[in-house]
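Hi,

Here is the structure I promised to pass on to you. Have a look at it first, and then read my notes below.

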Amino acid sequence: MAELNTESGGDKGGKVRSKKSNAKVDLTAMVDLAFLLITFFMLTTSLSKPQAMNLGLPDKGDEKTDEKDIKVDQKRTMTILLGDDNKIKWFHGLLEAPEPNGKPTDATYGKNGIRKELVKRVKSVAEYCAAKPGSKPGDGLIVIIKPSKKSTYRNIVDILDEMAITDVPTYAIVNDFTPEEKKLIEEK
Amino acid sequence: MAKIKMSKKSTSIDMTAMCDVSFLLLTFFILTATAKQQEPLPVDTPSSTVKTKLPETDLATITIGKDVNAKDSISIFFGVTGRDVRKRTLELMAQKYKLSFSEKEMEQFALIESFGVPIQNLSQIIAMKSSDRNKPGFQPGIPADSTDNQLKEWIYNARIATSEIADKDLNFAIKGDAKQEYPAIKKVMDMLQDQKVNQFDLVTGLRGKDY
């Protein structure tokens with residue numbers, strides 16, 4: 001510490017003792033800090049890369065050359081309509097003639113909403129396809145996602161995320177609304 | 001009687017070497033970490049549980065966000081990775097729109113990560129400092145209407161430039177604001193699909209595990 005070097009007369013004739021200051025500095029705190037910073041930089045460099053969800057859309061190309069006769073079993077299709085205010089309406093099968101327990105229903109996003117239905121239906125349709133003669137392996141539920149004009153980008157990503165979570169074998173984003181579906185999504 | 005001498009061991013360890021190593025590592029990580037650049041169009045990306053990362057090269061990012069100046073309209077920003085690709089893209093765009101950019105402007109443009117102005121105003125943007133340029137709301141967005149679809153040309157020319165320089169296909173990432181309505185996103189998707197780009201990435205944030 002700061003000390004005034006007062007002259008003490010020097011009569012005592014003692015040795016002038018040079019004070020030995022300790023050469024060692026405690027580095028513990030410094031090392032702590034350095035490791036903290038290392039951890040921070042290590043984590044942020046790899047985590048800051050944005051995540052991405054890959055989305056493949058069917059070729060738009062000449063629709064006329066496409067075969068339009070591909071018949072899909074209505075028991076396998078589930079249609080999800082995305083409405084405004086984060087609302088979902090879904091039905092299983094045809095709108096006019098829905099499958100048992102597949103009438104148009106409201107749902108919400110997330111764990112306790114549409115996911116339960118999706119999990120249930122992925123399983124039941126897979127069983128149905130396995131039992132049906134003439135079906136290929138890998139056949140299962142087909143989900144048709146129809147985002148309305150009022151749905152947001154978040155809704156799209158959320159529903160695609162649900163598809164990934166529940167392992168829906170086939171899903172597609174379709175933009176055409178039939179008048180009945182339009183009515184369904186617009187009614188409150 | 002012999003005294004039992006307790007040998008007193010010092011509890012402090014020499015930290016010097018450890019300190020050296022840790023600071024070496026720290027320096028390494030600081031230098032390799034890339035500084036995050038300010039984004040001219042801040043968007044709030046939706047989150048998902050998907051864990052795939054975006055590719056780092058040969059990537060074009062189309063940012064779709066709300067226009068700060070005008071209500072209910074969108075502004076679209078465009079950016080490609082790779083300086084050579086950026087330069088070549090600008091050359092191709094200049095040919096297309098019969099504009100000319102000096103060599104210096106080209107060099108400057110190669111450093112710009114993402115931009116959102118009509119090409120006619122591009123040289124004005126290039127001349128600005130990046131802090132001024134990247135102020136939110138300063139750049140209006142790239143025109144993408146049917147009358148003047150510059151975004152389409154940017155996409156097209158960036159693809160040509162990538163295949164010329166890197167001999168690879170350009171990947172596309174769409175970075176949209178979570179609150180953006182679907183038609184705006186669809187417009188960009190359609191634009192990509194018109195060029196037979198059917199595969200693209202949606203940039204998302206990370207979501208908690210219990211979702």
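Let's start with one pair of residues: in β5(A), Ile145(A) is the bridge partner of Ile80(A). Helices (H or I, at least four residues) and strands (E, at least two) are DSSP runs, numbered from the N terminus. Please keep in mind that this is a predicted model, where local features need pLDDT of at least 70, side-chain atom pairs count only at pLDDT 80 or more, and totals for chains, interfaces and linings use all residues. Residues are numbered from 1 along each chain as its sequence is written, while chains are lettered from A and ligands numbered from 1 in the order in which they are written.

β2(A) and β5(A) are parallel and share six bridges; two strands count as paired if DSSP finds at least two bridges between them. β5(A) also runs parallel to β6(A), with four bridges, and there Ile144(A) sits opposite Ala172(A). Strand β3 (residues 88-92) of chain A is antiparallel to β4(A), with three bridges, and Ile88(A) faces Ala107(A) in β4(A).

Now for the whole sheet: it is open and mixed, with five strands of chain A in the order β4-β3-β2-β5-β6. Its edge strands are β4 (105-107) and β6 (170-173) of chain A, each pairing on one side only.

Finally, look for helix α3 (residues 153-166) of chain A. Together, β5(A), α3(A) and β6(A) form a right-handed β-α-β unit: with the strands pointing away from the viewer, the path from the first strand over the helix to the second runs clockwise. The residue range of α3 is given with its place across β2 (77-82), β5 (142-147) and β6 of chain A; contact here means C-beta atoms, placed from the backbone, within 7 Å.

Enjoy exploring!

Methods:
Contact = placed C-beta atoms within 7 Å. Axes fitted to C-alpha atoms, helices over the stretch in contact; angles between N-to-C directions.
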